[in-house]
Every structure is written in structure tokens, then in C-alpha cells.
Amino acid sequence: MSVVLVDCDEVLTGFVPHVLNTARMYYGVDVNPEEISSFDLFAQLGLNKKAQNNLKDEFVSRAGWWESMPIRPGADGFIGDLQARGHEVVVVSSPWLNCPGWESARRNLLRREFWLQPKQFISTSDKARIRGDVFIDDKVSNVEEWSQINEGRLAILVDQPHNRENTTLLRLRSFEEILQAIDDHEEKRK
Ligand SMILES: [Mg+2]
């Protein structure tokens with residue numbers, strides 16, 4: 001049994017598609033998620049600074065926007081598969097500091113979509129401090145920092161267009177590949 005730390009956005013939920021949908025609806029932006037090549041999404045929408053800030057302040061700072069975020073295909077099955085293997089799942093997510101009520105919105109979504117309890121959610125901007133056996137995230141710096149502090153444990157980078165230039169981390173493309181890597185890691189520890 002492992003404690004599996006799972007990031008939320010771009011692992012379980014679709015922050016990027018949610019921003020792109022909002023930008024399409026209100027600003028007529030037409031960008032494909034595959035075109036997002038760096039972690040700073042807002043700078044890649046072809047919007048001027050004022051419109052970028054407006055998008056952040058008008059929409060992305062609302063708790064309701066966070067609570068209505070789409071779920072990535074297969075994510076609920078993935079959480080179920082982890083739990084069926086006896087793993088303890090803890091979602092570790094970095095807060096959107098300009099959004100009042102962000103933590104409750106996230107807790108509500110995790111309960112509604114994944115049946116996760118409040119104690120299975122940690123909000124922190126310093127993920128490397130959180131102890132676990134497995135760490136799953138799509139942000140290169142998060143995975144690097146966690147690996148450095150938690151040596152010998154399994155750190156997985158979830159493949160996304162913005163992290164494809166990385167060649168040093170274990171980057172996996174599907175939930176099936178991630179489950180397999182965790183199974184292999186467990187096997188080695190026996
Ligand atoms: Mg993420």
C-alpha cells in the first residue's frame with residue numbers, strides 16, 4: 001500500500017480546456033490545447049495584457065468557475081483503480097491565490113466527482129514538503145523539487161504539451177501507464 005499524491009489540474013481536471021472554453025466564449029479566442037507549449041497559459045492566447053488580466057479577474061478568480069471545471073476522461077476510474085489496489089489517495093493542489101473560496105470549491109468538486117473526503121485534499125504551493133510514496137504532477141518544477149526531497153520514491157510527470165521538452169523525468173502518457181509504474185514500484189519494494 002502506498003500513499004499516492006495526485007495533482008489536480010491537468011491530471012484529474014482540465015484547467016487548460018476550461019480556460020480555453022472561457023476565452024473562446026467571451027473573447028473569441030480559438031486555441032487548441034495542443035498548442036499550449038509553456039506553463040504560462042494566459043500569455044499564449046493572443047490576448048493583450050488587459051484582456052489577459054480581465055480573464056483572470058472576471059472568471060478565474062471565481063469559486064464557481066473552479067467548481068465547474070471539466071474532469072479529464074478516465075480520471076474517476078483512475079482514482080477508483082488506485083483505491084481498489086489499497087492505495088491511499090491524497091490530492092495535492094497549489095491554490096489560486098486570487099480566488100476567495102478556492103479551497104472549498106476544490107473540496108466540493110473532489111467530493112462530487114471522485115468521492116474524496118476533505119482529509120484527502122491538501123492545498124499548498126510547496127508540494128515538495130508533502131510526504132508520500134508516489135507523486136504525480138504535470139509541472140516539471142513540482143516533480144523535480146519533490147524528487148529531490150523524497151529520494152528513492154516514485155515521481156511521475158504526467159505528459160502535457162507544455163512539458164514535452166523535459167527529458168530527465170519519468171513522463172507517462174496515460175492512466176494505464178501510471179498504474180503500471182506504481183505496480184512495478186510496489187513490486188520492487190517487496
Ligand atoms: Mg497540474
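I began with the domain centres: taken over C-alpha atoms, the centres of domain 1 and domain 2 are 23 Å apart. I note here that the model is predicted.

**Entry 1. Domains**

I looked up the bounds next. The domain assignment gives domain 1 as 3-14 + 70-189, and domain 2 as 15-67.

**Entry 2**

I traced the strands. There are 6 of them in an open sheet, and the order is E3-E2-E1-E4-E5-E6. The pairing is parallel. Which strands are at the edges? I noted strand E3 (121-123) and strand E6 (170-172), each of which pairs on one side only.

**Entry 2. Strand by strand**

I walked along the sheet from E3.

- E2 and E3 are parallel and share 3 bridges. Val92 stands opposite Ile122 of E3.
- E1 and E2 are parallel too, with 4 bridges. Here Val4 stands opposite Val89 of E2, and Leu5 has Val90 of E2 as its bridge partner.
- E1 and E4 run parallel and are joined by 3 bridges. On this side, Val4 has Val134 of E4 as its bridge partner.
- E5 (residues 154-158) and E6 run parallel, joined by 3 bridges. The partner of Leu157 in E6 is Arg171.

I turned to the helices. Helix H6 (residues 140-149) lies across strand E4 (134-137) and E5. Its direction is at about 175° to E5. Helix H7 (residues 175-189) also packs on the sheet. H7 touches strand E1 (3-6), E4, E5 and E6. The direction of H7 makes about 170° with that of E5.

**Entry 3. Nonpolar cores**

I looked for nonpolar residues that are buried together. In soluble globular proteins, nonpolar side chains tend to be buried together. The largest nonpolar core here has 34 residues. Which members touch the most others? They are Val4, Val6, Phe135, Ile136 and Ile156. I listed the elements that give two or more residues to this core: E1, helix H4 (75-84), strand E2 (88-93), H5, E4, H6, E5 and H7.

I picked Ile136 and looked up what it touches, leaving out residues up to four places away in sequence. The list is Val4, Leu5, Val6, Asp7, Val11, Ile156, Val158 and Ile178.

I then found a second, separate core of 5 residues. Among them are Val19, Leu20, Leu45 and Leu55.

I checked the backbone angles. Most residues other than glycine have a negative phi. I wrote down two residues with positive values.

Glu10 has a phi near 70°. It is found in the loop between E1 and helix H1 (15-27). Is Glu10 buried or exposed? Glu10 counts as buried, because 23 C-beta neighbours lie inside 10 Å, and the cut-off for buried is 20 or more.

Trp115 has a phi near 60°. It lies in the loop between helix H5 (102-114) and E3. Trp115 is exposed, because 12 other C-beta atoms lie within 10 Å, and exposed means 12 or fewer.

**Entry 4. A loop residue, Glu34**

I ended with Glu34. It lies in the loop between H1 and helix H2 (49-60). Why does Glu34 count as exposed? It has 8 C-beta neighbours inside 10 Å, and the cut-off for exposed is 12 or fewer. I also checked Glu34 against Leu45. The two are 11 residues apart in sequence. In space they are 12 Å apart, C-alpha to C-alpha. Leu45 was already in my notes, as one of the residues in the second core.

Technical notes: Residues are numbered from 1 along each chain as its sequence is written. This is a predicted model: local features need pLDDT of at least 70, side-chain atom pairs count only at pLDDT 80 or more; totals for chains, interfaces and linings use all residues. Domain bounds come from an automatic or database domain assignment. Two strands pair if DSSP finds at least two bridges between them. Two residues are in contact if their C-beta atoms, placed from the backbone, lie within 7 Å. Axes are lines fitted to C-alpha atoms, for helices over the stretch in contact, and angles run from 0 to 180 degrees between N-to-C directions. A nonpolar core is a set of buried Ala, Val, Leu, Ile, Met, Phe, Trp, Tyr and Cys residues joined through C-beta atoms within 7 Å.
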